[in-house]
Amino acid sequence: MSSIAIIDDDEIDRYLLKRCFAKLGLKHKVLEATSGVYAMEMFFNLCNEKSHDGENPDKKHCQPDAIFLDINMPMMDGFEFLQKLSETIDINKFVANTKVVIITSSDNPKDMEKARQFDFVSHYIKKGDLNAETLRPIFDLAKND
Amino acid sequence: MGDIEKRIAFSFGALNLAFLAMAIITLIEINAVTASSRKIQYELQPSIQANLQLTNAINSSISGLQSWVLTQKPRFIRKRAAFISIIDKSLKQLINQSQNWQDPLLLEELQRLEPKLALFKEQQNVIENMVKEGQQELAIETLVDVHLPLSYEIVASLRKISDPHSWEIARTFQQEEQNESFLKNVILLFLFLSIAGGISLAILLNRAVLAPLKNTIQLADRIGKGDYSSTSTIYSGEEKLDKVLQIMLEQLEQKQQLNIAQQSELKKINLSLKYSNEELSQFAYRTSHDLKAPLVAVRGLAEIIKEDLNDGIIDEAKHNATRISRQVKKLESLVSDILELTKADQETQSLDDVDVTELTNDIIIRLNTVYFDKQISINTSIPNNFRMLTSRVRLNQILENLISNAIKYRDKEKKLPSVSIRFIQQNGGYIIEVEDNGVGIPEAYQEQVFGMFQRFHPDNAAGSGLGLYIVKKHVNKLGGEISFISSEAGTTFRIEIQD
């Protein structure tokens, strides 16, 4: 079963995302983590259920279709998570099957710039702009007229 | 007149005097030599010459007379007459020269000589006539007995006159030689003196002018390179200049030190400005983010509530309304934290005589109403009638933040969450400790504890992340230090403040 991961410490933001998924009719399993540290743990545990090798491309079950990543989080922020992720696994193989989406309420231009340095990040969404329609292109869904 | 000028003037003066003395002495010596030469040339030599001519003429006339007596040839008469005229001429010369003679004995001798010569000529005439008259034998007799002794007498007399002159010439020559040798020595001496004078003048100039000048140039060079230390002595060869240079150097050094002090002060200010600038921009971004994020969430929730109400999903709508109220509460607490932060940043807070027990109890009562539904054991250890002269606002903020943190991050797995507040009086100051048995601060994040917007418990995300940042500001403004020890068993914050 395909999955979507949400890494955000704010419960309401996670809830709002999940409501958008429901609106789009997505049937994915939603994995939730409140910080980068927990997200790393979560991926590691998931992939270890079947294999010790997190990089193995055929272990599709441990790879979500998309990761929605917040920037401002305690312990390990979104960028630290991206850094850690790209150090731990073969990121190019990973993003071939997984969209990495940054979703933030930050207005700091430095954050936008920093996000660009991770070229495997596919979308940068501001929480204020969040609704079901903005998520459509991520899942390659046709526009709902 | 300065030191240098005195020395230079003195040395030039000395050298000039030496050359002047040399010139005068040389002139005097040359004059002496010239004077004696002149005396020989114009007085002694002619006298001796006239004397010699006279003697020769006397001898020649006698020889002429003798030849006449013996041969009676008339040419001997002519010869004798010629010599007689030479005798007259020479005598005249001798008398002429005698004007220069200083010795009265010589003049007397000459006076005595004149009548003898007259007699000598008379006798020759008589003897000549005797031969003419045929009295040849008488003539020979007169010649030998009378005339020759007279001539000897005259010649001896002439010798008496000429000898002192010869001696004087000899003496003069000797004198001249001495003078010349003296002059040579004097010139050699002055040559040596002028060389020595030149060398010593050069040395003196070097010492008086060049060495100080070099020294001064080196000093100027050093000053130019910004080295104002007066380690080596200043020696410009001029006392006044030395003093001025010393004062200049001292002033430069003072100014440099002042400059360095000011620069380091400026650097400090700059650094602190830079720091507070960075802090401020970080604060602005974080504040705007943390203020905006709940608002955005509230808007999203409101949209969903509208949808749910349309769809008749009332329970979900109620649930989301609760979420909205929670978000708004979070906003309220953030706004009040920001306000507290601005208070913490204010430099001056009035000093109050604080009853510590009363203050602590007030805080505990306030917090108990917030966490009325939680089982928490709070105990205090405060010395009797403990009062502190401090800022009530700051102390209240410090305690309230630390105690509410201790409650907020309690460990739900432990039997009874507990908080201990201790005040300890210590020599010249006091220690405040707030200890809990909560979840502790993860070791990896302990360094960031007092940073702005730091939160380490994602599942316990009620805080603004400003609490400990505010506490540290207050503690520092009170002149204290804050530290903590944390483990899974709990956390103890310790504040030390000196009176």
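The model is predicted, so local features need pLDDT of at least 70 and side-chain atom pairs count only at pLDDT 80 or more, while totals for chains, interfaces and linings use all residues. Residues are numbered from 1 along each chain as its sequence is written, chains are lettered from A and ligands numbered from 1 in the order in which they are written, and side-chain values use heavy atoms, with hydrogens and water left out.

We can begin with the interior. A nonpolar core is here a set of buried Ala, Val, Leu, Ile, Met, Phe, Trp, Tyr and Cys residues joined through side-chain atoms within 4.5 Å; buried means under 20% relative accessible area, exposed over 50%, and partly exposed in between (1.4 Å probe, protein chains only). The largest such core holds 67 residues, and the members that touch the most others are A:Ile7, A:Phe81, A:Leu82, B:Leu399, B:Ile403, B:Phe423 and B:Phe493. Helix 8 of chain B (residues 392-408) supplies the largest share of this core, seven residues; helices (H or I, at least four residues) and strands (E, at least two) are DSSP runs, numbered from the N terminus. A separate, second core of 27 residues has A:Cys20, A:Ala66, B:Leu301 and B:Ala317 among its members. Leaving aside residues up to four places away in sequence, A:Leu82 touches A:Leu69, A:Val100, A:Ile102, A:Phe118, A:Phe120 and A:Val121, where contact means heavy atoms within 4.5 Å.

Turning to charged pairs, there are 29 salt bridges over all chains, each a side-chain nitrogen of Lys or Arg within 4 Å of a carboxyl oxygen of Asp or Glu. One of them links A:Asp10 to B:Lys330, with the closest N and O atoms 3.6 Å apart. This pair joins two chains, because A:Asp10 sits in the loop between strand 1 (3-7) and helix 1 (11-23) of chain A, and B:Lys330 in helix 6 (residues 314-345) of chain B. A:Asp10 is buried at 11% relative accessible area, whereas B:Lys330 is partly exposed at 27%.

Within chain B, the side chains of B:Arg366 and B:Glu400 meet in a salt bridge at 2.4 Å, N to O. B:Arg366 belongs to helix 7 (residues 356-370) and B:Glu400 to helix 8, so the pair ties together parts 34 residues apart in sequence. B:Arg366 is partly exposed, at 38% relative accessibility, and B:Glu400 is partly exposed at 24%. Salt bridges that share partners also join B:Arg422, B:Glu433, B:Glu435, B:Arg494 and B:Glu496 into one network.
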